[in-house]
Amino acid sequence: MCGIFAYIGKRTDAPEIVFEGLKLLEYRGYDSWGISYIDKQVLKIEKHTGKIGSSKLSKITKTNIALAHTRWATHGGITDENAHPHLDCKNQIAVIHNGIIENYHELKLKLSKNNHAYKSETDTEVVSHLIEDELKTKGIRQATFDVFMSLNGSNAICALDKNSQSIIACRNGSPLVVGFDEIKKQYFLASDVPAFLKYTNKVHFLEDGEGAEITKDGIEIFNIKTGKQINAKIKTLDWQLEDAEKNGYPHFLLKEIFEQPKTILKSSLINKDAIKKLAKIIKESKKVILIGCGTAAYCAQFGKYLFAQSGIQTEIYGAYEFKPFAKFCDKNSVVIGISQSGETADTLIALKEAIKYGVRTAAIVNSRGSTMERLVDLIIPIGAGPEIAVVSTKALTSQLATLYLLSKASEGKYLQAKKNIQKLSNKLSKWLGNELSENIIKLIKKIEHNEHMYVIGKNLNYPAALEFGLKIKETSYIHAESFTAGELKHGVITLIQKGTPCFVLASNDEVKNEVLSSASELKARGGKIIGISPFESPEFNDLIKTPDMGELTIFGNIIAGQLLGYYLGVSRGADPDKPRNLAKSVTVK
């Protein structure tokens with residue numbers, strides 16, 4: 001959630017740099033935004049509620065230092081006053097913050113004795129006043145570190161100090177990354193890499209308990225607790241600038257949907273050793289558990305079916321419900337976390353809980369340098385590149401391809417699985433195109449007026465149905481509910497009325513006839529049956545035909561749902577890149 005971006009360098013358009021950088025962090029979710037900069041030794045702020053959109057800064061100022069923030073309201077309503085940055089009483093310090101300060105009331109009560117004047121209802125503002133008090137006896141770096149040590153919860157803060165012309169950043173649980181451009185002598189701080197990817201791909205991901213001091217001379221990394229300087233672990237990312245740009249597409253979501261043949265293929269060409277190592281651990285383990293949240297939880301459910309086909313029993317949990325079951329784990333267990341960002345709070349909490357019982361841990365993630373990557377014993381990075389749209393598409397299918405390779409590797413069929421993924425990529429490339437989009441748009445015109453839609457599937461197409469329904473909800477705000485086909489007779493069928501859109505996900509598999517039988521029952525109750533499958537059937541009123549790839553047919557069925565959700569959202573006037581009330585990374589509980 002929320003976005004942080006800061007710049008110090010030789011350029012004198014720092015406010016414009018951070019303002020444009022905020023636009024690249026909009027996918028993180030926010031309801032207000034603001035920037036702060038130093039103008040002729042005066043600390044200035046500008047902040048507003050609502051989306052940045054086509055907004056412009058109210059004043060163009062020449063300065064080489066600035067920070068910016070997009071806020072998702074937690075403490076206090078959505079107002080200009082509650083937007084970040086927040087100043088201290090002397091207007092020396094500007095603070096931005098991601099996370100929730102759990103002991104905020106206690107700290108505010110302590111500050112009330114020193115006659116501080118508050119201008120907002122936020123927990124964040126206490127930080128600027130705490131630093132103000134600490135500066136009476138300390139320098140800005142130590143003052144900020146000591147204040148940060150007093151905060152409870154998962155937080156990241158960034159403080160701009162007028163007097164030292166420096167930016168101090170601290171991290172515990174909420175992601176921060178610094179960027180180095182030594183050639184042009186400019187330095188960056190952000191909650192995610194895309195904010196500064198156009199300037200540099202050389203980064204250090206701050207770890208929990210680390211802080212950074214950024215000046216015009218460079219970036220220094222410190223242990224917050226001890227105050228000792230540590231060496232930066234600079235990585236050169238293989239992400240390209242075009243990964244974070246639309247490249248002619250109207251929305252990032254559509255671009256990322258169409259990138260999937262490429263990203264799925266890439267996932268089959270990397271991680272061979274890590275996949276085989278994890279497959280060996282899985283075979284040796286008595287208990288295998290897959291966890292995730294949202295789309296990642298559905299990905300875990302795919303994994304349950306894939307591993308079952310390979311003769312391996314697994315358990316799956318939404319990470320937010322795992323804690324009561326962690327006690328049944330031990331050193332013979334392996335827990336695998338699935339996350340696009342690697343920063344999902346509930347999944348991190350679940351993994352930490354599992355670690356208490358001596359389990360082995362692994363993670364399948366997209367974003368590099370994440371907390372999850374550093375937490376687990378074995379990491380499998382899927383390499384899908386930056387996923388800018390809030391709605392996950394290419395990360396899911398790359399994670400699913402990785403789980404498929406992992407399940408097959410556990411039965412000694414890795415090379416064949418790799419060839420199957422490559423064939424799938426080729427078929428998807430030929431299928432994804434204008435004709436498919438036009439067919440979906442024609443279908444949408446028939447159903448977009450409906451406020452209720454239903455999706456069914458069975459076996460592998462059941463988690464596909466869950467993800468299909470989620471994409472409709474996320475992008476179009478239509479109520480879409482997914483069920484396993486076998487559940488219909490047990491109450492669900494009462495929901496079906498004349499003309500109700502019912503999506504039926506099917507493959508040429510052993511349960512094909514059972515799914516078509518369920519489709520007939522829906523049709524007999526007046527449902528409008530829309531097949532999502534590689535074959536035609538009399539039960540279907542309409543059909544979105546997908547590539548026939550055996551057990552991998554689910555990929556086309558999932559992507560059809562992504563496109564359907566996208567075009568439904570656009571048709572209904574929603575923003576498919578930034579759905580209301582959603583954030584890309586849920587980094588707080």
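Me: How many helices and strands does the secondary structure of the protein come to?

Reply: Helices (H or I, at least four residues) and strands (E, at least two) are DSSP runs, numbered from the N terminus. Here the secondary structure comes to 17 helices and 25 strands. Bear in mind that this is a predicted model, where local features need pLDDT of at least 70, side-chain atom pairs count only at pLDDT 80 or more, and totals for chains, interfaces and linings use all residues. Residues are numbered from 1 along each chain as its sequence is written, and side-chain values use heavy atoms, with hydrogens and water left out.

Me: What radius of gyration does the protein have, and what would a compact globule have?

Reply: The radius is taken over C-alpha atoms, and the globule rule is 2.2 Å times the number of residues to the power 0.38. For 589 residues a compact globule would come out near 25 Å, and the protein has 25 Å, so the two agree. Along the principal axes, the C-alpha atoms fill a box of roughly 75 × 50 × 45 Å.

Me: What percentage of the residues count as buried?

Reply: Buried means under 20% relative accessible area, exposed over 50%, and partly exposed in between (1.4 Å probe, protein chains only). In this protein, 61% of the 589 residues count as buried.

Me: Which residues of helix H4 are buried, and what do they pack against?

Reply: Contact means heavy atoms within 4.5 Å. H4 (residues 140-149) has Ile-140, Ala-143, Thr-144, Phe-145, Val-147 and Phe-148 as its buried residues. They pack against helix H3 (125-134) and a set of strands: S6 (93-99), S7 (155-161), S8 (166-172), S12 (210-215) and S13 (218-223). Across the protein, residues 24 or more positions apart account for 71% of the contacts with a separation of 6 or more.

Me: Where is Ser-425 found, and is Ser-425 buried or exposed?

Reply: Ser-425 is found in helix H13 (residues 414-431). Its relative accessible area is 6%, so Ser-425 is buried. Leaving aside neighbours within four places in sequence, Ser-425 is in contact with Pro-261 and Leu-265. Its side chain also reaches the backbone oxygen of Pro-261 at 2.6 Å.

Me: Which residues have a positive phi without being glycine?

Reply: Asn-115 is one of them, with phi near 60°. Asn-115 is found in the loop between helix H2 (104-112) and H3, and counts as exposed because its relative accessibility is 70%. Gln-165 has a positive phi too, of about 55°. The place of Gln-165 is in the loop between S7 and S8, and at 27% relative accessibility this residue counts as partly exposed.

Me: Which peptide bond is cis?

Reply: The bond from His-84 to Pro-85 is cis, with omega near 10°. Look for Pro-85 in the loop between strand S4 (65-71) and strand S5 (86-87).

Me: Where does Ile-493 sit, and why does Ile-493 count as buried?

Reply: Ile-493 sits in the loop between strand S22 (479-484) and strand S23 (501-505). Ile-493 counts as buried because its relative accessibility is 16%. Not counting residues up to four places away in sequence, Ile-493 touches Leu-488, Glu-521, Leu-522 and Arg-525. Ile-493 and Gly-527 are 34 residues apart in sequence, with 9.9 Å between them in space, C-alpha to C-alpha.

Key:
Polar contact = N/O pair within 3.5 Å; in protein donor to acceptor, adjacent residues only side chain to side chain.
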